[in-house]
Structures are given as structure tokens and as C-alpha cells.
Amino acid sequence: MAAKMALAWIRRDLRLSDHAVLSEATASADQTAVLFVFETNILDSLEPDDRRVSFIRKSLVEVDEGLRRAGSRLIVRIGDPLVIVPEVARQLGADTVYAGRDFEPYAIERDADAGCLLSRDGIRFEQPLDHVIQGADELFNQTGEPFRVFTPYSKAWLARYQPEMAAERAVDLTKLVPAEQIEGLSEPWDWVDIGFVENDLWVQPGESGAKRQFRHFLPAIESYATLRDFPALEATSGLSVHLRFGTLSIRECVREAVARLPHSQKWLSELIWREFYSMILGQFPHVVESTFQPAYRELEWPGDPAHFDAWKEGRTGYPIVDAAMRCLNATGWMHNRLRMVVASFLTKDLLLDWRLGEAYFAQKLLDFELASNNGGWQWAASTGVDAQPYFRIFNPLLQSKKFDPDGVFIRRWCPELASLKNEWIHCPSEAPMFNQMDAGCEIGVHYPAPIVRHAEQKERAVALLSRG
Ligand SMILES: Cc1cc2nc3c(=O)[nH]c(=O)nc-3n(C[C@H](O)[C@H](O)[C@H](O)COP(=O)(O)OP(=O)(O)OC[C@H]3O[C@@H](n4cnc5c(N)ncnc54)[C@H](O)[C@@H]3O)c2cc1C
């Protein structure tokens, strides 16, 4: 009897250990080949120095090295996965293609099409769950409806959780197809071949980078609940990009968090937020285009479009907002507290449509994840599922004083403010002229005056959103 051949198509699972797809493929077939497709319909819309592509390519180099150590190699192709995946499967003589389940609307459609095309060739398409612990179609409330509020979702998530859900999915690397058997199936995938240039990253990519970062974070998991809101500290895990691209297994995160309960409760809860937003996207795909709450669908945001550039470039005159945006622009990263602050500022102080901010984050964030980004933006705009009530509006000044009391983060990213005394660092425009001169930072010359007044805009925002 001919040997059974499997093709493992990796997408947001760019690692070789604790891997549902590779585990199932290597357990069920005699030989498994591993494929990654640089999908041009996604890549074509990105800038040539996009950091995500750098992260992906560098992580794939590590996957390839790991496969070569095991006697195999990675097959890489560039183009349309709906053409490439069936073609490679046919060339290999694969019986089954395995790929992790994905709840993004684009991915659902692509995978449904891939399944149809493969079935025409008599090839099965299997989609194990790898990216989350409990999938978007697994957890419902008592009336069988999807949850719309986080707390009951989280309780149900924890009640349904079984250790097997997070058990390691071991990969049998002895079952990989030998490299010489698939030599001609890959194409060159150097920077020039994929049409991108290498970019600097603030995180170490690949599974090795993920493991290192996780080991670094674990001893701090206990202080996470108290320190996580201070952007000047390194008190959060910094793992979001690894979870996004699957260079780290979510099962490993959950196993370690559960083993450390109750001290790790807050961190585990953030992992459940991630699953909550993934479920919301899977169950309510309209959130990609529109507000979750129907009452706000027709809402027109009356802000001044010129303010959007000031927000993007970090020159609103609100130091905490400006520091956060400059950090995002320079690194592709922003601390969670600051994501909430700048999102609230764009929507409730500048009265601009959350979709503008969402799209800007999607362009800049290294850890951009459609579900969490959309969820976070709609939360801040008060238009989303279980969102911030519209009348509770962040005061950027108070947020700044509370979470960056000595202005350490502000000084790091707004060097023109560095010499201001703590008293004025959060609101430099209120500093007397001699203090401004003394610090070498004249408002209107070296740093902008606030582009809006928070107290006035807050009233406008409440009036606008109360109509919903
Ligand atoms: C406006 C806005 C946009 C956001 N966009 C994204 C995004 O594109 N991608 C993304 O991964 N997160 C997003 N978040 C959530 C959160 O800000 C980041 O996950 C977090 O800052 C990542 O840092 P960390 O890995 O150190 O997180 P930690 O605090 O260590 O949390 C651990 C993990 O839990 C998950 N997580 C934490 N907070 C949230 C949350 N509020 N919602 C969903 N998952 C969460 C992440 O996977 C994170 O890595 C957004 C939040 C807001 C308010």
C-alpha cells in the first residue's frame, strides 16, 4: 500500500513544537510536508518595509532550520493559496491537507474555497483548532446564543475548561518527508523574491524568541495585576506578536498560567479576552465594517479631519497621547493602557470615527490582530460589545498623571519635554513661560498647544453618543 502523505499548511502557527496541525498530520500520515504561502493578495497592500513581513520571514527561517535538522525542509511559495495549496498537494500526492482553524472572515472564505478545490482532487482538508483554546463556535450561553458580555463568557470559558484543551500537541519529527523528496517544490523566498526589505524588530522573532520572552516574563506573572498599567515599566508579557503569528503556543501560555493560579488570574483573564474577541469576530463578522451595537450604525463623527494627522504624528499637545503615538510609529508597539488612552482620545476628544484609528493601528502594529484590534477600538468608542459606557470618558491628563506619574514614558518619546519639571510634564501648555524657557521647550514653538480642550470635547462626545 502507498505511504500516506500529509501536507501541513502553516499560517498563524509558525513554530514546530506543541503544534496541533503538525501533531495531527504526523500522527495520521506516514510522511508530512510543511508549506507556507506568502499570500500576495494580503502582501500587495503592505508597505515594502512592513515589520510584520520581517517578523514572518525571520520566523520562517527558524522553522526551515528546525525542519532541516530533522532531515526535511520548508516548502515556501509566493502567490494565491487557492492555486498553490491544491497544486502542491497534488504534486506531493497528499491524501490530506491540514491547516489551523481561523475565525477571520477572509480566512473562513479562503479555507472554505480551499476545502472545495481540494475535495475535487479527492484530497481531504482538516482544520484542527490551534490558535485559541476554545473556538468561536464552541461556547454559548444557556439559551444557545453567543455571549455578548465578557464576564459571563469568561466564567463559562473557565467552567468548560479542561486541562486536555491545553495539553501539549506533540509533533513526531521523524515522520517528516525527506528534503530531497521535495526539493523542487519550494521557490526562492529571499527579501527580494517576496518584494520586501528587512526591518528592525523590537522583539526576537521565531519560536526561540517567543520562548525566551515567555521565560523572561513568567517570574513577573504575580506582579502583573498591580504593574501592568504603567507603560514605563516592562510589566506585561510582550507576547502578543508571538501569539498573533503562533511562534508561541496558546496552550503553553494557558498551561503555565493555570499552574500559577490564583497569582496569574489577571494574566489568564487577558488571554480569555483574546478568545472573547476572536469569538465575537467569528460570530458577528459585521463588526469588521460596522459597529457591534446597531444603534450607532448611522452615527456620523463630527471631528475635524485635520486633527487625524496630528493624532497620527504625535503632535496633539497632550504628551501622553503624543508619546504613545510616536512609540507606535517608531517601533510598531504600544502598551495596552496607552492603546486605550489614544483610542479614547481619537473618538471622544477628537470626535473622529474609530475606523480611522483602527485602520491606522492595523497598518502600524506588529501584533495587529483583526479581532482584538476591532474589539479594542469599538470598546474605546463605546460602539462595541461590552464596551466602555459612553459617559465614562478617559481624561488624558488624569490617565497621564496616574499611569506615568513621573513622566518617564513621556520623556522617552517626547524628548523636547524632557527637561520640564514633573509638575508640568503632563500639561506643558499650563507651565508658566519662565518654566517653559527654563526647560528649553516653548509651547507653540518646540511643542504644540493642545489641539482641543478636553472638558469641551467631553460634553460634545456625551451628547453625540447619548443619541445612540
Ligand atoms: C484600541 C486597542 C487595539 C488593540 N489592538 C490589538 C491588536 O491588534 N492585537 C493584539 O494582540 N492586541 C490588541 N489589543 C489588546 C492589547 O492592547 C494587547 O494585546 C497588549 O497590549 C499586548 O501586550 P502584551 O503581549 O504585553 O499583553 P499582556 O498584557 O501580557 O497580555 C497577554 C496576552 O493577552 C492578550 N490580550 C491582552 N489584552 C488583551 C485585550 N484587551 N484584548 C485582546 N487580547 C488581549 C494578548 O494576546 C496578550 O499578548 C488592543 C487593545 C486596544 C485598546
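These legends describe views of a predicted model of one protein chain. Residue numbers start from 1 along each chain as its sequence is written. Local features need pLDDT of at least 70, side-chain atom pairs count only at pLDDT 80 or more, totals for chains, interfaces and linings use all residues, and side-chain values use heavy atoms, without hydrogens or water.

**View 1. The whole fold.** The protein chain has 22 helices and five strands (DSSP runs: H or I of at least four residues for helices, E of at least two for strands). Its C-alpha atoms fill a box of roughly 85 × 50 × 40 Å along the principal axes. Of the 468 residues, 56% count as buried (under 20% relative accessible area, 1.4 Å probe, protein chains only).

**View 2. Contacts along the chain.** Take contacts between residues at least 6 apart in sequence (heavy atoms within 4.5 Å). Of these, 78% join residues at least 24 apart.

**View 3. The surface.** The protein chain exposes about 20000 Å² (Shrake-Rupley method, 1.4 Å probe). Carbon and sulfur atoms supply 52% of that area.

**View 4. Cys-414.** The structure holds zero disulfides (pairs of cysteine sulfur atoms within 2.5 Å). The closest cysteine sulfur to that of Cys-414 lies in Cys-441, 9.3 Å away, so a bond is ruled out by distance. Cys-414 is buried, at 0% relative accessible area.

**View 5. Cys-427.** For Cys-427, the closest cysteine sulfur is also in Cys-441. The gap is 12 Å, too far for a bond. Cys-427 counts as buried at 10% relative accessibility.

Note on methods:
Buried means under 20% relative accessible area, exposed over 50%, partly exposed in between (1.4 Å probe, protein chains only).
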